[in-house]
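Me: I am new to this one. Please show me the structure, and then let me ask about it.

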Protein chains: 2
Amino acid sequence: MDFAAQVVERLDLLGKISDEPDRLTRLFAGQGMRRANELVGSWMEQAGMTVGRDAIGNLIGYYPGTGQKKLLMGSHLDTVRDAGRFDGALGVLLAIACVARWRETDRSLPFSIKVIAFADEEGVRYQSAYLGSRAVAGCFEARDLERADADGIKMADAIRAFGGDPDRLESYHLKADDLLGYVEAHIEQGPVLDSANHAVGLVTAIAGQTRARIDFHGRAGHAGTVPMTLRRDALCAAAEFIALVEQCALGNPGLVATVGQIAVEPNAANVIPGAAWLSLDLRHQEDAQRREARRLIRHSLELIQRKRLVKCEWESVQETSSVPCSPELSTLLRQAVLKHQPEILAMPSGAGHDAAVMARITPVAMLFVRCRDGISHHPDESVRPDDIGVALEVLFDFVSLLAKSHEQI
Amino acid sequence: MDFAAQVVERLDLLGKISDEPDRLTRLFAGQGMRRANELVGSWMEQAGMTVGRDAIGNLIGYYPGTGQKKLLMGSHLDTVRDAGRFDGALGVLLAIACVARWRETDRSLPFSIKVIAFADEEGVRYQSAYLGSRAVAGCFEARDLERADADGIKMADAIRAFGGDPDRLESYHLKADDLLGYVEAHIEQGPVLDSANHAVGLVTAIAGQTRARIDFHGRAGHAGTVPMTLRRDALCAAAEFIALVEQCALGNPGLVATVGQIAVEPNAANVIPGAAWLSLDLRHQEDAQRREARRLIRHSLELIQRKRLVKCEWESVQETSSVPCSPELSTLLRQAVLKHQPEILAMPSGAGHDAAVMARITPVAMLFVRCRDGISHHPDESVRPDDIGVALEVLFDFVSLLAKSHEQI
């Protein structure tokens with residue numbers, strides 16, 4: 001059986017299951033998710049798993065082994081609006097294929113495998129991400145149940161309508177002591193593997209993140225009548241800051257820094273901007289390095305303020321620590337990758353993943369799969385069938401290596 | 001008679017005449033303009049002038065002299081929305097006071113004076129500036145009569161309702177051969193005189209202007225997953241450009257360069273900007289220098305494009321040549337200023353004025369009057385009474401000097 005080809009085929013089928021007629025949008029506890037769970041559940045059963053759903057709506061396939069411990073594998077089945085077919089779904093289908101592939105060997109496993117297809121990672125419907133993994137990992141915020149979606153439907157009611165039970169989320173918490181770890185395969189969502197021509201890569205950590213809003217208060221004035229030396233141009237200050245942020249990141253390997261939003265006032269062609277604000281997003285796998293970059297950038301802001309007499313204000317929006325992947329699991333995953341690639345790139349994940357939440361209760365490892373041009377969250381998302389084959393073999397070899405190490409203990 | 005105090009008092013009275021109840025807004029051919037014309041016309045009569053209106057609605061006061069030639073003086077009576085009391089009105093009232101001041105001397109003038117209170121300079125109602133002076137100077141665009149205001153009222157109909165005659169604009173063209181020149185006093189609308197602590201200053205030219213829109217086409221991407229070295233960030237390109245524009249202007253005395261508008265796409269905190277656009281406004285009194293700066297800036301854009309693989313597109317929006325003031329009239333105006341100030345600043349006007357249009361038919365000169373902090377087009381616009389006194393004496397002395405030079409010929 002060519003399980004990789006089957007994954008490719010199933011990604012096509014799953015990609016047609018949507019809440020919307022002409023594009024792929026599969027939101028938490030929606031009708032698309034219901035049909036997706038039915039289909040993916042049937043594939044779990046075909047792979048020899050018993051299938052169930054937990055109280056929040058995660059689909060869970062269980063493949064028994066001889067020992068008490070469980071290895072968790074999976075990813076999410078929800079999508080952004082107008083999504084591609086691979087983000088999330090690939091990790092779920094590879095996990096199922098990995099189980100099917102193992103079952104074909106007729107060998108017993110010294111641990112059981114739970115494949116979890118999380119019901120929400122993107123957080124589109126309730127503007128709150130990782131609902132699925134947070135419920136499993138015991139860090140679900142009960143007050144989130146009161147959130148309403150765009151149609152005014154409360155999350156608790158949506159969970160009930162989906163067949164779940166918002167009052168029983170706790171009874172489905174996984175116990176850390178039972179777990180060997182959580183392994184997730186996911187498209188890279190970036191261009192590194194594609195640029196290096198690698199099919200797969202190893203994730204070292206889910207990067208920590210600093211988000212801030214920076215305001216520049218200068219002085220508006222007539223574009224024709226205020227000499228350059230008498231100006232306090234808020235946009236010139238912001239532009240100098242953007243350049244410094246870029247320089248800081250270019251000089252700091254592993255740091256990514258992005259100004260994604262900007263606005264000026266009064267935003268008229270013949271008026272010197274009196275005010276400007278912008279967003280800043282800093283990520284690094286080492287929290288210490290991210291904090292040092294943040295310090296340098298804030299310091300540069302003070303220099304700009306003094307030099308230009310433009311008041312600069314930093315408002316912290318979010319600080320998220322880095323989540324390192326397990327060295328032990330990653331060592332095995334690296335060995336598995338090197339059976340199929342001469343070289344391996346180890347890189348942080350700049351995007352968040354369920355693994356970052358699962359790390360609260362168990363060691364995690366992540367395998368990145370190359371996606372064309374790094375495009376994701378877009379219908380043009382694309383993964384080569386050959387790479388899916390490599391990823392499947394890597395996961396299978398990882399499970400084999402883990403089984404071997406487990407038997408030796 | 002303290003004519004300067006009278007001007008201050010009249011600015012207050014005139015500043016209360018508005019199309020709107022709670023703020024000063026006096027648009028072309030509106031009810032505020034009708035009442036303003038009545039009041040200002042009565043002041044012209046008090047100064048010994050005969051008063052009339054031309055076909056577009058400009059208010060014209062005539063003070064006869066012994067010769068055939070006419071000296072034109074004036075400014076505009078329309079305002080922007082939520083305006084200050086001085087922009088335009090000050091020049092009209094100073095011209096009237098100058099005539100009244102001359103009349104008090106009981107001396108005959110070797111030329112007549114026409115004080116023109118232009119009906120439209122700001123162009124708020126019909127989005128087309130200088131309607132008043134263009135009608136007088138013979139460069140009114142007949143197709144503008146078809147323009148409609150926000151209420152759908154066509155300009156031709158507005159002119160008729162105001163008592164004018166859109167079909168007879170040409171009969172009111174002034175003949176260049178009859179004219180000695182046009183002299184306009186106006187608030188500086190910039191901070192140069194205030195910074196230098198000068199009451200008035202001499203305008204050398206109305207600066208030429210280059211306006212352009214610049215588009216940056218990079219590549220959007222995930223703020224967390226695309227390494228700095230693989231980015232084609234449109235906003236980083238725009239920021240580098242803004243810094244270069246500022247540097248270019250700082251290194252080029254007399255040049256002012258402004259990026260007043262900016263926008264990015266998709267404008268999300270976690271997405272690398274794939275596209276950006278901004279406005280550029282360049283002004284200099286020397287066209288050659290403005291063109292050279294434009295060339296350098298466009299060249300820097302090419303370098304940014306090559307370095308960053310971000311496509312940069314320059315779209316020309318407007319090119320307006322500089323309008324130099326008359327050396328002869330300016331020499332007299334300078335002499336008049338130096339009777340009242342130990343020093344004189346000569347500067348271009350970065351803002352447009354009726355004088356720029358009037359220069360098509362006659363030599364022009366302009367006197368700038370200090371305004372507090374350079375603020376204009378705002379209710380906080382402010383001019384010191386003492387400076388109004390200086391400006392009036394300067395205009396009076398200018399007329400005296402011109403009369404003297406005229407008698408000598």
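Me: How many salt bridges does the rule find across the interface of chain B and chain A?
Reply: A salt bridge is a side-chain nitrogen of Lys or Arg within 4 Å of a carboxyl oxygen of Asp or Glu. Glu246(A) and Arg308(B) meet in one, at 2.7 Å from N to O. Across the interface of chain B and chain A, the rule finds 2.

Me: What kind of model is this?
Reply: Local features need pLDDT of at least 70, side-chain atom pairs count only at pLDDT 80 or more, and totals for chains, interfaces and linings use all residues. Side-chain values use heavy atoms, without hydrogens and water, and the model is predicted.

Me: What area do chain B and chain A bury between them?
Reply: Buried area is the accessible area (1.4 Å probe) that two parts lose on being put together, summed over both. Contact, meaning heavy atoms within 4.5 Å, takes in 46 residues from chain B and 46 residues from chain A. Carbon and sulfur atoms hold 63% of the buried area. The total is about 3800 Å².

Me: What area is buried between domain 1 and domain 2 of chain A?
Reply: An automatic or database assignment sets the domain bounds: domain 1 of chain A is 3-206 + 322-407, and domain 2 is 208-320. Their centres, taken over C-alpha atoms, are 37 Å apart. In contact are 7 residues of domain 1 and 7 residues of domain 2. Carbon and sulfur atoms give 42% of the buried area, which is about 450 Å².

Methods
Residues are numbered from 1 along each chain as its sequence is written. Chains are lettered from A and ligands numbered from 1 in the order in which they are written.
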